[in-house]
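Dear colleague,

I am passing on the structure we spoke about, and below it I have written down what was found in it. Please read the notes with the model open beside you.

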Amino acid sequence: MSKPLDGVKIIDFTHVQAGPACTQMLAWFGADVIKVERPGSGDVTRSQLRDIPGVDALYFTMLNSNKRSLTLDTKKPEGKEVLEKLIRESDVLVENFGPGALDRMGFSWERLNELNPKMIVASVKGFSDGHHYDDLKVYENVAQCAGGAASTTGFWDGPPTISAAALGDSNTGMHLAIGILTALIGRDKTGKGQKVAVSMQDSVLNLCRVKLRDQQRLDRVGYLEEYPQYPHGEFSDVVPRGGNAGGGGQPGWVLKCKGWETDANAYIYFTVQGHAWEPICRAIGRPEWIDDPAYKTAEARQPHIFEIFKTIEEWLADKTKFEAVDVLRKFDIPCSPVLTMKELANDPSLRASGTIAEVQHKERGSYLTVGSPIKFSDMKPEITGSPLLGEHTEEVLAGLGYSRNQIENLRESKVV
Ligand code: CAO
């Protein structure tokens with residue numbers, strides 16, 4: 001089946017997570033993604049957190065499926081020559097090296113644009129160009145702190161907290177993918193490539209948009225009525241950490257279900273959607289609350305929202321998280337069991353949709369990965385195993401016109 005990005009050739013000069021997540025997604029959608037890696041070692045994630053000695057780690061296999069791997073020392077003159085050839089015939093180069101690394105290698109934006117004016121050059125950095133921290137190297141948790149996620153996540157009486165979701169890494173990669181696709185459409189109109197840059201700080205902040213909303217509301221009125229601090233607690237002049245409160249106009253909380261004493265994830269998230277108050281009261285067996293002025297409006301409920309949650313927990317005490325959701329769904333109440341990675345891995349619906357995909361790898365056998373979260377009516381991305389280090393070196397070099405002898409010489413001089 002042909003795919004929308006068939007024919008788009010991408011030099012994947014990325015490593016760790018932010019860049020690889022971006023190029024992996026483009027590969028699922030048909031792009032020919034050639035991962036350029038240092039001979040001998042390759043992407044550091046190949047060997048990080050290994051679960052099988054000597055075999056590419058899941059950290060690597062889960063972020064580099066559907067790609068080809070070319071080993072190339074791009075600091076050696078012969079390696080630069082190969083890269084230049086590749087640049088001349090590629091549509092996109094994606095990189096997430098530390099600040100200035102590509103320039104030091106001799107491939108500044110100006111040089112790349114000179115080599116191939118149609119090529120899109122896409123970069124991830126920790127901070128945007130010109131930012132007072134733009135010389136910093138950045139990893140996931142650093143970005144979460146820099147982008148406002150950490151100061152607004154966790155409980156008010158605890159420290160700033162990091163989210164398990166890769167807000168700094170994969171999220172930035174997704175932003176970059178949008179930028180690359182936009183630049184490709186732009187190129188169809190202008191014939192010109194351009195530089196696309198995304199910073200991890202900006203990408204985290206983009207997801208913390210509602211917290212900037214809250215800062216401005218706090219500045220104006222001095223309190224935030226949907227936070228647990230209202231109306232009994234104190235507000236300072238910065239957006240506080242709100243625990244598990246709902247981020248929008250609907251109060252919500254993580255509530256205990258049957259078995260919570262021994263199962264750390266026997267919980268559901270329960271949302272008190274304003275217009276669903278009547279069905280909530282019916283579902284939890286409190287019809288008398290429907291017209292009670294102390295409960296009838298969101299404003300009336302907020303001062304004793306935790307007493308309401310406690311009552312719901314009493315109702316939940318004899319129900320597992322799955323049983324509870326099965327009742328609540330009949331009343332159209334937004335809720336979900338708190339699902340573990342084990343439950344998600346074995347979820348038949350996620351398997352059927354391809355969101356959890358089982359993939360074959362030449363050395364490790366089968367493993368699970370997260371497939372495309374984007375679904376199309378005319379295409380189902382097929383996830384293939386990640387490449388071994390340098391698996392496609394010969395194939396890529398032959399495609400660039402190198403003879404068997406020349407390839408052998410490059411191997412002997414450790415350029416590939
Ligand atoms: N051949 C020869 N040299 C190569 C090469 C190749 N194929 N591929 C990379 N290199 C070299 C680079 O040229 C660079 O060399 P110099 O520093 O001497 O110029 C070096 O390898 C890579 O440097 P780096 O700064 O990218 O790597 P690091 O491990 O020190 O830092 C990271 C890693 C992620 C902190 C840094 O790359 C970074 O800040 N990237 C931007 C932000 C980012 O994407 N972070 C998220 C990573 S996911 O958690």
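**Notes on the loops and the ligand site**

Leu 49 is found in the loop between E2 and H2, where helices (DSSP runs of H or I, at least four residues) and strands (DSSP runs of E, at least two) are numbered from the N terminus. This is a predicted model, in which local features need pLDDT of at least 70 and side-chain atom pairs count only at pLDDT 80 or more, while totals for chains, interfaces and linings use all residues. Residues are numbered from 1 along each chain as its sequence is written, and side-chain values use heavy atoms, with hydrogens and water left out.

Phi of Leu 49 is near 60°, which is a positive value in a residue other than glycine. Leu 49 counts as exposed because its relative accessible area is 73%; here buried means under 20% relative accessible area, exposed over 50%, and partly exposed in between, with a 1.4 Å probe and protein chains only. Ala 57 also belongs to the loop between strand E2 (32–37) and helix H2 (58–61), but Ala 57 has 0% relative accessibility and therefore counts as buried. The C-alpha atom of Ala 57 is separated by 5.1 Å from that of Arg 46, and these two residues are 11 residues apart along the chain.

A positive phi is also found at Asp 332, a residue other than glycine, where the angle is near 65°. Asp 332 lies in the loop between helix H13 (321–328) and strand E9 (335–337), and its relative accessibility is 64%, so Asp 332 counts as exposed.

Asp 91 lies between helix H3 (77–88) and strand E4 (92–95), and Asp 91 counts as buried because its relative accessibility is 16%. A polar atom of the Asp 91 side chain lies 2.7 Å from the backbone nitrogen of Lys 9, which is a polar contact (a pair of N or O atoms within 3.5 Å; within protein, one must be able to donate a hydrogen and the other to accept it, and residues adjacent in sequence count only if both atoms are side-chain atoms). In the loop between helix H9 (209–221) and strand E7 (252–256) lies Pro 231, which is joined to Tyr 230 by a cis peptide bond with omega of about 0°.

Turning to the ligand, 23 residues surround it, and the closest are Arg 38, Lys 75, Lys 137, Val 138 and Asp 169; a residue is counted if one of its heavy atoms lies within 4 Å. The shell divides into 10 nonpolar, 6 polar and 7 charged residues. An N or O atom in the side chain of Lys 137 is 2.5 Å from an oxygen atom of the ligand. Taken alone, the ligand exposes 950 Å², of which the protein buries 84% (Shrake-Rupley method, 1.4 Å probe).

For the protein as a whole, the secondary structure comes to 17 helices and 11 strands, and the C-alpha trace spans about 85 × 45 × 40 Å along its principal axes. Of the 416 residues of the protein, 47% count as buried.

Methods
Ala, Val, Leu, Ile, Met, Phe, Trp, Tyr, Cys and Pro count as nonpolar, Asp, Glu, Lys and Arg as charged, and the others, Gly among them, as polar.
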